[in-house]
Amino acid sequence: MTAKISYDDVEVGTELPAQSFPVTRATLVRYAGASGDFNPIHWNEKFAVEVGLPDVIAHGMFTMAEAIRVVTDWTGDPGAVVEYGVRFTRPVVVPNDDKGAVIEVAAKVGAKLDDGRVRVDLVATSEGQKVLGMSRAVVQLA
């Protein structure tokens, strides 16, 4: 696969389509099974509160993975992402109700680099709070 987006068709400031990702306790259980991360802060409310958290929280790597989907959906090729890094700034708190939480992700091209690559800057929030800082991906475009 190759990216569907041409380097020549983007400029610094080009906005990627924003997306919202719902997260429920069931989502966290499925992710725990797939990742092998069964830390009780991700599924046991009593334990999470006892260790000082407000409630069960989403896995950091899950949050990171949901955020990069904005980029991979835009390029049409997950392999186009050649670098990706974030700083975890706040947890995504997932209440035990019918709604759960929502991770809102916006992104834009922050820089055009050499060799057909761009840096994409992402902003991920939940409940109006930034949950990932310095979230950046380097993407190889067509």
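Val29, Phe38 and Trp43 form a nonpolar surface patch with about 340 Å² of accessible area together. Patches comprise residues with over 30% relative accessible area and no salt bridge; like charges are joined within 9 Å, and nonpolar side chains (Val, Leu, Ile, Met, Phe, Trp, Tyr) within 5 Å. Accessible areas follow the Shrake-Rupley method with a 1.4 Å probe, and for residues only the protein chains shown count as cover. Valine 29 is located in helix α1. Helices (H or I, at least four residues) and strands (E, at least two) are DSSP runs, numbered from the N terminus.

The model is predicted: local features require pLDDT of at least 70, side-chain atom pairs count only at pLDDT 80 or more, and totals for chains, interfaces and linings use all residues. Residues are numbered from 1 along each chain as its sequence is written, and side-chain values use heavy atoms, with hydrogens and water left out.

Side chains of opposite charge can pair when their charged atoms come close. Searching the whole structure gives six salt bridges, each defined by a side-chain nitrogen of Lys or Arg within 4 Å of a carboxyl oxygen of Asp or Glu. Arg25, Glu45 and Asp55 are linked in a network of such bridges.

Burial was classed by relative accessible area: buried is under 20%, exposed over 50%, and partly exposed in between (1.4 Å probe, protein chains only). Arginine 25 is buried because its relative accessible area is 14%. Aspartate 55 is buried at 11%. Glutamate 45 is partly exposed, at 36% relative accessibility.

A further salt bridge joins the side chains of glutamate 50 and lysine 46 (2.6 Å, N to O). These residues are four apart in helix α2, so about one helical turn separates them. Glutamate 50 is exposed, with a relative accessible area of 54%. Lysine 46 is exposed as well, at 59% relative accessibility.

Strand pairing was assigned where DSSP finds at least two bridges between two strands. Strand β1 (residues 15–23) and β3 run antiparallel and are joined by seven bridges. Serine 20 has glutamate 104 in β3 as its bridge partner. Eight bridges join β3 to β4, and these strands also run antiparallel. Alanine 106 stands opposite valine 123 in β4.

The hairpin of β3 and β4 has four residues between the strands. Aspartate 115 lies in this loop, between β3 (101–112) and β4 (117–126). There, aspartate 115 takes a positive phi near 60 degrees. Aspartate 115 counts as exposed because its relative accessibility is 68%. Aspartate 115 and arginine 87 are 28 residues apart in sequence and 26 Å apart in space, C-alpha to C-alpha.
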